[in-house]
Amino acid sequence: MARKRSVFFHTIQPFLIFRRSRRKWLTQGVLALLTAFLCTVLSPVLATIVAVNSTTQTPSSITTKTENSVQQGKALYEAGRFAEAVKVLEQAAAAFRSTGDKLNQAMTLSNLSLVYQQLGQWTQAESAIAQSLNLLKNDDNSKQRFAIFAQALDVQGRLQLARGQTQAALDTWQEAAKIYKQIGDEATLTRNRINTAQAMQALGLYRQASKTLTEVQQSLTKLPDSPLKATGLRSLGNIFRVVGDLNTSREVLKESLAVAQRVKSPIAIGETLLSLGNTALAQGKTQLTLGNTTQAEKETQAALKYYQQAAVVAQPTTRIQAQLNQLSLLVEKEQFPAALALASQIQPQMSKLPASRTSVYTQINYAQSITQLRQKTTPDSASWLDIAQMLSGAVEQARSLKDPRAESYALGTLGGLYEQTGQLSEAQNLTQQALLIAQTLDPPDIAYQWQWQLGRLLKAKGDIKGATAAYDSAFKTLESLRRDLVAMNPEIQFSFRESVEPVYRGLVDLQLQSKGNSETMQYNLTQARNVIESLQLAELNNFFRSPCVEPRVTIDTALAQDKKAAIIYPIILPDRIEVILTLPGQKELRKYTTAISQEKVESTVQDLRKSLLDVAATDEVKQTSQKIYDWLIRPAQAELSKSGIKTLVFVLDSSLQNVPMGVLYDKQQQKYLVEKYALALTPGLQLFDPKPLQKVQLNALTAGVGEKRFGFPALQNVPRELEEIKSEVPRSEELLNQKFTENNLQKELQSDPFSVVHLATHGEFSSDPEKTFILAWDGLLKVKEFDSLLRVSESSRSSNIELLVLSACKTALGDKRAALGLAGVAVRAGARSTLASLWSVDDQSTADLMSEFYRQLNNGVSKAEALQRAQLAVFKKENSPYFWAPYVLLGNWL
């Protein structure tokens, strides 16, 4: 299977999207300090030059020579010739040391640390920045020393973030910020605060990050027009894209473009147009995920237009970046004549690029696009020799630059070309070379790509054992990088489905195909289950654009809590559905297989979802849902009965998450699944600790919006629903309509440790966190803000919220992964359990169901059984699943 090529962002980068700010040196003095202006996590820095007055008497010829060396190192860095830059800067640092010029030595060592970081030489980078900071710790109170010290701290923060030390990076940048404020360096302080916001984002401190970015935006807007203002706004727009706020990203970038046009800066205009194209492209991908194909196409066309405009006005490096992005999109959209014409324009430009990492990556990306273009236009007669020669040249150029990362990319891409042409042995040899180099890099963030590619090659050659081992290595590499992957490559959030998820699914596919004795089969089943659990975590981290979701308990600990619950893992693969069944008290896992295409599964699920929203379509629901029952439940029916199972807990895969399992229909017994079992869902057993509801009287905070608000229709039954809850839970506080504001909700949560928070208001779950929200009287509470509200007093509580209820929410129409938003709310809210609706039912039945649910909880049954009894109570009155089926329980089912 060929991997889909991702478009690079700001710097030509193969496969994974690494957006980088264009490296620049602003001349303000003699020597240059590459400051850590992180437009995105791990982007190379923007360089500034700081004038330094030497305190020692040094012959002017020596000083001039050393300063020239620093300028040469700067030029080499800017050109992407990092190995050469290291040599020059090392010599300059030694020269400053010999003359006793500690300030210039410290500054040069900071520069050197940045170049080492580009090469992935982390030990040397840490040593260089430690020496720099040590030299700067003295009694010199000059503004110059403070400026260099603060910028060195910025460099250290960048290094810490690259090494996964996010909290340390945040602390370091905040220390630097104090110095910038002290010396009145507002411009650099702004850059520093952008870095700080990124660290906050990575730590899950969304509200603080948002506040910081808003303040940065306000301060930039107040500045007079200048190239620096345009650059600052562009950087801010880029980070808004990283944190997922695409609309704000576009607004800020448009403001940056307007400033650049007013100050007539062609460089700033070109770079901002490129950034606008990147944001429009991200918006198009998001709209496609949400099922909005028309809007997705509109955004894609906007991206193409921005890239075209950038190519007209930009400097050569930015121009070729924009053209390569444009070429990739044209190929993807199958606009082949335009793609061929553009390719002919790009090729002559590449030969004029000086030898550098940029040149290597340019050749790689061009080769990838041309390969795809020929595959789609002339698959049988296409010639690959010229592409292979180009990539071979890129390999040699990377070697001459002594750039192992670029060499690994070039070798691996050449291996990928041979994979597509069927030359598997040659492809395997090149891939293994690329992997060998990638494994020497720290962190090994590109190694998993070649492990994955090797797995595909071995599978194609029939070596299933070897392929499984290679996929397993790729999986373990991704797991080791889980907390850092989004930070190292923020754009991966927009290509997760193409560049990460297939590794997990490919490994599970191989593990479940493997043959062997009973012990081997059980080992592979356990491993497959663990991989699916890890995929659930990876999806949620990708949803939040932050590595904020971590396991809380082991799978075995979760399984031991309930002797009457079975855990079901349905896994949708290209040619079949696999079901892994875990029974209480039994170490042996069961596996059931149904041969059916993924397309057939997804169309069936889509048909069921459509029927469920039609009150009169009960017969259609039964006819469709019985197919899913036969796939997931019937093969295990005998085992479930034999084991005396009362509760089924599902860890659902992809599109299955959008339909409630309670409606699955057993045509033989003529019963819905909810009539036979209590049911619960979980994004993963490791995420919730299944402990029984504490035997104490419930106390609830209830809130709702029943009146028409912000374009949302009135929910006439909300007042009644809250009143009925109060009759079942006397210890409750109510916030209805005007009283249900963000501020009031926060105050109530801070004042009392409620065991239940019940919200009867409009809400929507989406695969886009920016479109996952609940409605308060004063506006929308998005999932990240909602999380902060519910956790606001967690430090002072003796226990978490036991139960969060969202009774009038719905999943976004057309969004196949919409239930990911529900899982995101459940995980980030910190509640042990979440009860939510997959579609909104403004009817008396909702109030009846909720009232019965709380009555059953007070009777001492589990949450899953309480929901089952409440649904059956409504079922007796309303036969249509539309009324009783939408409610699902996530998390702790006890």
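Start by selecting Asn 524, which lies in helix H24 (residues 518–543); helices here are DSSP runs of H or I with at least four residues, strands are runs of E with at least two, and both are numbered from the N terminus. Before going on, note that this is a predicted model, where local features need pLDDT of at least 70, side-chain atom pairs count only at pLDDT 80 or more, and totals for chains, interfaces and linings use all residues. Residues are numbered from 1 along each chain as its sequence is written, and side-chain values use heavy atoms, leaving out hydrogens and water.

Is Asn 524 buried or exposed? Its relative accessibility is 12%, so Asn 524 counts as buried (buried means under 20% relative accessible area, exposed over 50%, partly exposed in between, with a 1.4 Å probe and protein chains only). Now show Gln 511 and Ser 514: setting aside neighbours within four places in sequence, these are in contact with Asn 524 (contact means heavy atoms within 4.5 Å).

**Aromatic rings**

Next, select Phe 475 and Tyr 504. They form an edge-to-face pair, 5.6 Å centre to centre with 80 degrees between the planes. Rings of Phe, Tyr and Trp (its six-membered ring) pair if their centres lie within 6.5 Å; planes under 30 degrees apart are stacked, over 60 edge-to-face, and the rest tilted. This pair links distant parts of the chain, with Phe 475 in helix H20 (residues 464–480) and Tyr 504 in helix H23 (residues 501–513), 29 residues apart. Phe 475 is buried at 9% relative accessible area, and Tyr 504 is buried at 3%.

For a group of rings, select Tyr 665, Tyr 672, Phe 875 and Trp 884, which form one aromatic cluster.

Then try Arg 456, which lies over the face of Trp 452 at 4.9 Å from the ring centre (a charge sits over a ring if NZ of Lys or CZ of Arg is within 6 Å of the ring centre and within 35 degrees of the ring normal).

**A helix face**

Move to helix H30 (residues 742–751), where Leu 745, Glu 748 and Leu 749 are buried. Look down the axis of H30: its buried residues fall within an arc of 95 degrees, so they line one face of the helix (the arc is that of the directions from the helix axis to the C-beta atoms).

**An open sheet**

Finish at the open sheet of four strands, ordered E16-E15-E14-E18 with mixed pairing (two strands pair if DSSP finds at least two bridges between them). Strands E16 (779–782) and E18 (809–811) stand at the edges with a single partner strand each, so one side of each has no neighbour in the sheet. Lastly, pick Glu 764, which stands opposite Lys 810 in E18.
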